[in-house]
Amino acid sequence: PYIRFHQWLPLGYPLFVALVSGIAGYTARPVAQLLLVAAATLYLASAVGRLTGSRRACAATALVVVGYAPIMRFAGSILSEAVYCAMLLICAGAGLRLVKHFSRGAAAGFAIAAAIAWSVRPAGVFLPVVAVYLALLVRDARRRRVAGWLVVSTLAAFALVQLGHQRWRGPATLSQTGRILFGQVALRFDPQAVRPEYRADAERLAAAVAPYRTGFEALPEWTDRHAFASQNQPYRLNAVDAALAADPTRDDRADARMLLGIATDTILARPFAYLRWVLEDVAWSWHTNVCAMLRTPPAVALGWYADDAEKRGRLIERFSMPVTAQQVTIADARALAPPARAVDLLRRALNAVFGLDALRIALAVLLLVALVAAPFAASATVRAIGLLAAMLFGAVGAVSATTSAIDRYMAPTDPLLFVAAVLIVHESWRRLRARGATAGVAA
């Protein structure tokens with residue numbers, strides 16, 4: 001679909017693939033994606049260096065981003081994760097520059113990268129909200145004008161992308177927004193709560209997803225319900241597609257509008273229930289999906305070994321995977337490459353020193369505190385941590401609000417968590433040294 005400009009997909013990534021292939025050939029696409037991620041990493045690392053005045057923090061930023069092997073693996077495939085990650089890194093780099101000192105160039109860079117990110121993956125829709133939050137972090141005598149410039153330029157860039165999309169494909173383009181959003185509410189919607197013209201279709205769709213709704217409602221714990229919703233999301237969508245395809249006289253565009261109408265009616269009928277689900281899903285994702293590709297490679301990460309029982313068993317043992325060799329079949333060999341040993345080593349090191357789960361949750365708590373405190377903080381580093389927190393929670397929230405979170409959706413934002421950790425360590429060390437120097441002078 002990325003090569004053929006499928007109408008369900010946003011234009012950004014297919015245009016990137018077509019541009020690279022037209023200039024340097026199809027085989028140059030992995031190299032172009034790697035170079036794009038590398039350039040974005042250097043841009044962000046230089047922003048961290050300017051912000052902190054520390055070469056060590058600058059070098060550490062580059063290392064933690066480049067060392068995140070899953071993104072490098074995605075760079076070798078026809079998937080949008082690497083390009084989306086690069087745009088987020090540029091947004092973060094531009095944002096850190098704005099936190100340190102406002103410049104129109106950095107504001108324009110943030111706006112353009114945010115709009116491209118959205119054109120690559122719809123999950124980037126949260127970035128205008130981040131622009132508003134970033135405007136609160138800028139310390140400048142012309143603060144109101146600065147905020148206006150930043151927010152307006154971001155919204156203008158988004159509007160241009162939307163205009164280009166409509167001019168390219170026309171206003172009657174078939175969208176899967178309704179399909180994806182219906183998949184998010186399919187386990188919890190009431191056919192009687194939707195508008196009358198869609199009620200018969202809602203009843204038909206409720207019957208199509210009834211087995212999943214029964215399994216979902218039987219689960220006692222909220223964490224189990226979120227895990228269930230995430231694991232069978234593609235199967236729910238397939239059931240919906242099959243129910244609609246059973247009538248060949250149906251119009252695809254009318255069905256897209258119908259699914260969107262049912263989804264929005266469901267949300268508006270019980271907005272607080274929907275908000276609760278999203279907040280719970282964000283919490284569940286932080287515990288389960290954030291850095292999941294680093295924590296434990298999934299069964300599909302067995303890659304090329306899935307058809308070799310002996311190698312499969314050894315690989316499962318080495319990665320301590322929660323599966324057996326008999327549970328993994330050749331159908332699971334859809335991974336992009338065999339697991340990288342660097343990921344295994346980093347995961348083992350973090351588990352041995354801190355415990356990756358505990359470290360991730362601790363960082364989530366610290367980032368929540370920084371998110372609230374940053375607009376009032378005098379320290380530019382604290383404000384920068386708040387910006388990264390806004391991007392991380394915004395990215396997770398956008399996925400939870402529109403679809404079911406899986407580890408692949410979280411992977412492009414994982415490097416920002418490591419960069420935030422670098423800034424937290426740097427700021428903590430700086431404050432400890434400052435206290436030590438003050439105590440020494442007092443003594």
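Is Leu 275 buried, partly exposed or exposed, and what is its relative accessibility? In this predicted model, Leu 275 counts as partly exposed because its relative accessibility is 44%. The residue lies in helix 15, which spans residues 271–288. Together with Phe 272 and Leu 279, Leu 275 forms a nonpolar patch on the surface, and the three residues have about 370 Å² of accessible area together.

Helix 15 also contains Asp 281. Asp 281 counts as buried, because its relative accessibility is 3%. Leaving aside residues up to four places away in sequence, Asp 281 touches His 226, Ser 400 and Ala 405. Its C-alpha atom is separated by 9.9 Å from that of Ala 229, a residue 52 positions away along the chain.

Helix 15 is among the elements that cover the buried residues of helix 9; the cover also includes helix 10, helix 13, helix 14 and helix 20. Helix 9 (residues 177–185) is largely enclosed by the rest of the structure, because 7 of its 9 residues are buried. Among these buried residues are Arg 179, Leu 181 and Phe 182.

The structure holds 9 salt bridges. Three of them are listed here.

| Salt bridge | N to O distance |
|---|---|
| Asp 241 and Arg 179 | 2.8 Å |
| Arg 195 and Asp 265 | 2.8 Å |
| Arg 431 and Glu 427 | 2.9 Å |

Asp 241 forms its salt bridge with Arg 179. Asp 241 belongs to helix 13 and Arg 179 to helix 9, so this pair ties together parts that are 62 residues apart in sequence. Arg 179 is buried at 12% relative accessibility, whereas Asp 241 is partly exposed at 26%.

The side chains of Arg 195 and Asp 265 also meet in a salt bridge. Because Arg 195 lies in the loop between helix 9 and helix 10 and Asp 265 in helix 14, the pair ties together parts that are 70 residues apart in sequence. Arg 195 is partly exposed at 31%, and Asp 265 is buried at 13%.

Arg 431 and Glu 427 both lie in helix 22 (residues 414–442), 4 residues apart, which is about one turn of the helix. Arg 431 is partly exposed at 42%, while Glu 427 is buried at 5%. Elsewhere, a network of salt bridges links Asp 201, Arg 204, Arg 250 and Asp 255.

The axes of helix 10 (residues 199–208) and helix 11 (residues 210–217) come within 5 Å and cross at roughly 65 degrees. By class, this contact has 5 nonpolar, no polar and 1 charged residues.

Definitions and conventions: Residues numbered from 1 in each chain as written. Predicted model: local features only at pLDDT ≥ 70, side-chain atom pairs only at ≥ 80, totals over all residues. Heavy atoms only, no water. Axes fitted to C-alpha atoms, helices over the stretch in contact; angles between N-to-C directions. Helix = DSSP H or I, 4+ residues; strand = E, 2+ residues; numbered from the N terminus. Nonpolar A, V, L, I, M, F, W, Y, C, P; charged D, E, K, R; others polar. Patch = residues over 30% accessible without salt bridge, like charges linked within 9 Å, V, L, I, M, F, W, Y side chains within 5 Å. Areas by Shrake-Rupley, 256 points an atom, 1.4 Å probe, with all protein chains shown as cover. Salt bridge = Lys/Arg side-chain N within 4 Å of Asp/Glu carboxyl O. Buried < 20%, exposed > 50% of the residue type's maximum accessible area, 1.4 Å probe, protein only. Contact = heavy atoms within 4.5 Å.
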